[in-house]
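Biologist: Before I set anything up around this model, I would like a close look at a single part of it. Please take me through the nonpolar core, and then through whatever connects to that picture.

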Amino acid sequence: MKPEELGTKEINTWCPGCPNFSILQAVKEALSNLANQGKLNIENVAMVTGIGCHAKIYDYLNLKGFYGIHGRTLPIAFGVKLGNPGLTVIGFGGDGDTYAEGMEHFIHNCRYNADLTMLVHNNQVFSLTTGQFTPTTEKGFKDGSSPLGLAEKPINPLVLAIEAGASFVARGFALDVPHLGELITQAVMHKGFSFIDILQPCIVYHKYSLPYFNKNVYKLENHDVTDFASALTRAREWDYSYEKDVKIPVGIFYKKERPVFESQWPQLKGAWSTIQRKINWQNVTKEFK
Ligand SMILES: Cc1ncc(C[n+]2csc(CCOP(=O)(O)OP(=O)(O)O)c2C)c(N)n1
Ligand code: SF4
């Protein structure tokens with residue numbers, strides 16, 4: 001299949017030039033490549049989104065799924081996976097969505113290690129609601145929500161995920177589509193909870209991040225992804241601030257397999273057998289015709 005076949009006819013309402021377009025392209029390329037290699041069946045991919053600019057990806061990807069609510073991508077994705085472990089589950093969230101209202105779900109999903117992928121479009125602001133600060137916004141940020149300048153330091157979601165037990169932790173840059181596509185491919189293939197924090201500079205409400213990233217992003221090399229201590233050290237190289245020019249590594253920081261959540265709950269197996277039913281689609285669609 002071609003990447004374009006994963007598109008839809010919906011009118012795209014992202015701002016022209018928004019890096020979300022690049023994330024959409026990277027997802028299409030990663031999934032179509034995996035399908036062409038026989039490594040996944042597109043029919044068995046389920047996407048789940050939150051609410052925000054990022055979440056509109058639901059309308060632009062020709063996949064089955066669930067358009068969730070703000071902050072709740074992960075509990076829904078986790079439920080989908082437990083309901084049918086045969087599905088390839090991919091969650092999309094914003095930084096506001098995942099690290100503010102959804103923070104408890106994020107930490108516990110890192111711990112649980114169900115076999116699903118979480119892609120966070122991190123633009124360091126709540127964009128859909130016009131640019132308020134989020135937990136990854138840099139100290140000093142000024143807008144209507146912090147007119148005197150934000151007093152708190154941002155959290156580092158990579159450090160948090162590694163510490164909380166995620167078995168695959170990466171950072172991508174939206175505008176490097178081939179590299180991001182490769183990260184997404186590896187995340188989807190990884191058996192366990194895979195998390196990618198994607199730098200997605202909002203060109204309306206966080207304008208200066210794009211030139212900063214273009215100047216400072218570099219690819220992680222000479223790094224042992226199974227080394228927990230080294231993963232934390234590399235993840236701490238950039239603290240999501242803009243005070244001085246600091247190099248920003250992108251790539252896989254940590255990757256180590258451990259038993260997935262589903263495998264440790266044998267009592268769920270009986271429940272799974274009940275969903276192996278043959279659906280009569282003609283009956284289901286009759287009432288909508
Ligand atoms: C439960 C709930 N809380 C808050 C909101 C309001 N809300 C909708 S979108 C949004 C901001 C989204 O920001 P983010 O998740 O960072 O995504 P972005 O728009 O930046 O892609 C907020 C706060 C909501 N719709 N539902
Ligand atoms: S407001 Fe920002 S994140 Fe939202 S579509 Fe526009 S550029 Fe993209």
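Modeller: In this predicted model, the largest nonpolar core has 62 residues, of which I162, V169, L180, I184, I196 and F253 touch the most other members. Taking F253 as a way in, and leaving aside residues up to four places away in sequence, its contacts are L158, I162, V169, A170, R171, V225, A231, R234 and A235. Apart from that core lies another, of six residues, including F133, F141, C202 and Y205. As background, nonpolar side chains in soluble globular proteins tend to be buried together.

Burial can also be followed along helix α1, residues 20-36, where N20, S22, I23, L24, A26, V27, K28, E29, A30 and L31 are buried. The cover over these buried residues of α1 includes β1 (45-49), α2 (57-60), β4 (116-122), α7 (177-189) and β8 (194-199). The length of α1 agrees with expectation, because its 17 residues, at 1.5 Å a residue, should span 24 Å, and its end C-alpha atoms are 24 Å apart. After α1 comes G38, with a positive phi near 70 degrees.

Note on methods: Residues numbered from 1 in each chain as written. Chains lettered and ligands numbered in written order. Predicted model: local features only at pLDDT ≥ 70, side-chain atom pairs only at ≥ 80, totals over all residues. Core = buried A, V, L, I, M, F, W, Y, C linked by C-beta atoms within 7 Å. Buried ≥ 20, exposed ≤ 12 C-beta atoms within 10 Å, placed from the backbone. Contact = placed C-beta atoms within 7 Å. Helix = DSSP H or I, 4+ residues; strand = E, 2+ residues; numbered from the N terminus. Expected span 1.5 Å × (residues − 1).
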